[in-house]
Amino acid sequence: MAVGDGVKVFTRQATGLTKEIGTLDTFVYNVNNQNIGIGVAFVLLFVPGFYAGADLLQGILLAVVLALPMALVYAFFSAAIPRSGGDYVYISRSLHPLLGFVASWNWVAWMTVYIGVPAAYFAQYGLSGLFRVLGVATQNAGLVDLANRFVDPVWILGVGTILILFFAVIFAKGTRTYFRIQNTVFGIGLFGIAIAIGLAFLGSSADFAHNFDTYVSSAGGISNASSLAVDPAPYDAQQTIFSSTLAQFIVLFAITSSFLGGEVRRARVSQLLGMPGGILFVSVFMFLLVASVVELVGLPILGGVSGNYFSPDALGLAFVPSYNELVAAAYPGNLIVALLLGFTFVFWTYVWLPINFIASTRALLAWSLDGLMPRRVSEVNEERHTPTVAIVIVAILGWFSLFMYTIGIGDFKLNTLYGIFGWILSFLTCAIAAIVFPYRLKAVFDSSPVNWRIAGIPLMSIIGVIATAVLLFVEYIWWADPVNGLDSTTAVLGDDRMKLLTAAVLVTGALWYVGARIIQARRGVHIERAFAEIPPE
Amino acid sequence: MARNQSIYVVADIHGSELCWRKFLNAAKFYGVDTIVVAGDVTGKALVPIVERRDGRVEANIGGRVQAARNEAEVAELEARIRFNGFYPYRCDEQTYNDLDADPERRDRVFTDVMAQTLRDWLKLADERLRGTGIRAILMPGNDDGWYVDDVLGESAEVMNTDGRVIQLPEFQVLGFGPSNRTPWHTQRECDETEIAARLDALMPQVDPDKPVVVVTHVPPHGSTLDVAPKLREDLSIVMEGGETVMVPVGSTAVRAFLERVQPVLSLHGHIHESRGAVHVGRTLAINPGSAYNTGALFGAIVTVSGDKIVSHQLVSG
């Protein structure tokens, strides 16, 4: 067997020397985690009405630029420490086990939030839109009524609960069923995006106002919905920057292939391009879909729809239409278009639920193996070979976040995007880890295939510095954005509960680590030994 | 009351000199009495460092051809190759071409390099462990050629437990290195029926009044310590939904043996990505996993008191 050009490596018949995972699989692994449908829906639902003067397409481009350095950090780590368990290990080994655990704890805390939230999206954005678009196309008032129920918090909670239970049962039986269908489901979703782009470009923008009025009135709304159109504000750079949060929400998470890697460490093109490539691929679709819908609907009507997101009764509706309904509105009475757009969009709404469910379960298993969680958490069902206890814990946490998103406690509810500021802190820690990795684990770096240096400085450290600076800017956006920023929650909620929650996640992570260390020490197990490097000499 | 005994186990260090050096220091570092390698000590790749006719020196590291301009840089290349668990091999261009063209000669050279490296390792072990009271056990695994037994026999401090039962004062270690069949047709592998027969044949050596620690390189089937990527015939990995499809590949004979004999502890390796600790009946079964190619030594510390497990911990040294 030969590796590389010019000079070969001679390998022998030995266990584990498999063919490398290909570019396509690396790419799919990353793209599957990025939600094009919800991304576009949110850009169109929120930017025109809440970010006066923002350029939608520039916002997407900015999100891509801001996501790339972090994707490179994870790509470099995956070449240097492959198959290692991701940033939990990168940070633990490069900085400190406590920081690694807190970063991982932070990940899981917000991942479980984004188990409950997409469970809610399934009814709130998926089924509601599907049944209304079908109801309008078939002139069936019953379907429209049913659609309206799917935005009722109790119905969202009920449907979301069923969905979480469904995936918990699927995963308790093994993950293969899910992964078997995931490619197909992703293909259906992507097909829907392509169809939407085509239909939006081909639809008549001249007739759209009329068609939109017809659609809204057929759905039980006012007869002149297009009159709610608002003239776009002049271009505003700051609002454009803030509006990038909606696209960042999607493209920041193209790093999952860092968990893939072979035994022979290589600077695989598939890995180094797979993560940034995944971002670019998703961005192209988002870009085209947003551009085509803007072309079809026009910014004034989009502004009217978006601006009334929280007051849909202005249109006489229970909820404002997402892009799939807007595109379908351009084809009045066309059941096939309605079905294609509504049905395929449903597959985007819940996509984060299973992905975050599996990732959270795996994190719990890793912590348990390291002694940071009770051993029962990593116990595996003998018959099905699945971690039942971990699955139940994640399902409960996910359901609780669904409850906090839909019903809440008192006047406190979890807003969709308020958690992202906290989540990015884990990325930031990983970027800092990349700066010090070539120095603190010099032998690992020097023997890695990404040991490139520029003027004697490790390229990985340079990328780490760039990613750190960029992520600090990203955090500024997620702090200061008046719509989705953490700082805005003080005004919206009337107090600092969301900020305290964000800080509490980090503090509880640190306390958990210290507590687990004390408890395990009493049993004669010293957690610090789990991570301490044995001196070789 | 039985005295606590601590055992440290690693597996699949595959030629990583750094991991071997860490292993030899592990007893002192963790304060354990017995250290065990549960199979697969030899590496998988020979990396020629080729001196070209024009004086250039080149080697392929991490899929990239890298050059050295002087002896210090060649030594640096060698260190990097060793770090990854591979064997550096200096040669001129003619020798390299001969090796490339002649698989048999290449195998001979590869075997010689692996044997000599292991000999050097054992010499280091003898130096470091002599007089310490630390018990070191090394069992060859399916990737280790038969010559490894002869080399191991030269060591004064390191015991080979493959196909035998080692009697220690507090417990006994029953070892079996070969695996069930693999897609790579490695040197120590056999059918499940043969594994079952050979394990049973070891039982007469077992003292029924003393706790047994079983060390088999291959983990028990369906234990979750044996989950590996599913492969096609061309050794490519099966992916579904962008995710690697994982399947159990452990030994059914080993599982049946553990279920019947119920030793206090069983130690395994073989499947690097299946690090974990589970119970097979009353037996605590452990696969410490392996990340030898990153210089991290995955291991497990187990404290045993008589026929009871006091504690166990997976560690990354």
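At roughly what angle do the axes of helix α4 and helix α5 of chain A cross? The legends below take up this crossing and then a cavity, both in a predicted model.

**View 1. Crossing of helices α4 and α5 in chain A.** In this predicted model, the axes of helix α4 (residues 87-94) of chain A and helix α5 (residues 97-138) of chain A cross at roughly 155 degrees and come within 6 Å. Because angles over 145 degrees count as roughly antiparallel, α4(A) is described as roughly antiparallel to α5(A). The crossing in which α4(A) passes α5(A) is right-handed.

**View 2. Residues in the contact of α4(A) with α5(A).** On the side of α4(A), the contact is made by Asp87(A), Tyr88(A), Ile91(A) and Ser92(A), while α5(A) contributes Pro97(A), Leu99(A), Gly100(A), Phe101(A), Ala103(A), Ser104(A) and Trp107(A). By residue class, this contact of α4(A) with α5(A) comprises seven nonpolar residues, three polar residues and one charged residue.

**View 3. Lining of the second largest cavity.** The structure holds seven cavities of 30 Å³ or more, and the second largest cavity has a volume of about 60 Å³. Helix α5(A) gives the most to the lining of this second largest cavity, with three residues. The lining of the second largest cavity consists of Val133(A), Val136(A), Ala137(A), Tyr215(A), Ala328(A), Tyr331(A), Pro332(A), Gly333(A), Asn334(A) and Ala338(A).

Key:
Residues are numbered from 1 along each chain as its sequence is written. Chains are lettered from A and ligands numbered from 1 in the order in which they are written. This is a predicted model: local features need pLDDT of at least 70, side-chain atom pairs count only at pLDDT 80 or more; totals for chains, interfaces and linings use all residues. Side-chain values use heavy atoms; hydrogens and water are left out. Axes are lines fitted to C-alpha atoms, for helices over the stretch in contact, and angles run from 0 to 180 degrees between N-to-C directions. Helices (H or I, at least four residues) and strands (E, at least two) are DSSP runs, numbered from the N terminus. Angles under 35 degrees count as roughly parallel, over 145 as roughly antiparallel, 65 to 115 as roughly perpendicular and the rest as oblique. A crossing is left-handed if the near helix is turned anticlockwise from the far one by less than a right angle, and right-handed if clockwise. Contact means heavy atoms within 4.5 Å. Ala, Val, Leu, Ile, Met, Phe, Trp, Tyr, Cys and Pro count as nonpolar, Asp, Glu, Lys and Arg as charged, and the others, Gly among them, as polar. On a 1 Å grid over the protein atoms alone, a cavity is a set of points where a 1.4 Å probe fits but cannot get out, and a pocket is an open set with protein on both sides within 12 Å along at least five of seven lines; lining residues have an atom within 4 Å of a point. Grid points are joined across faces, edges and corners, and a volume is the space filled by probe spheres set on the points.
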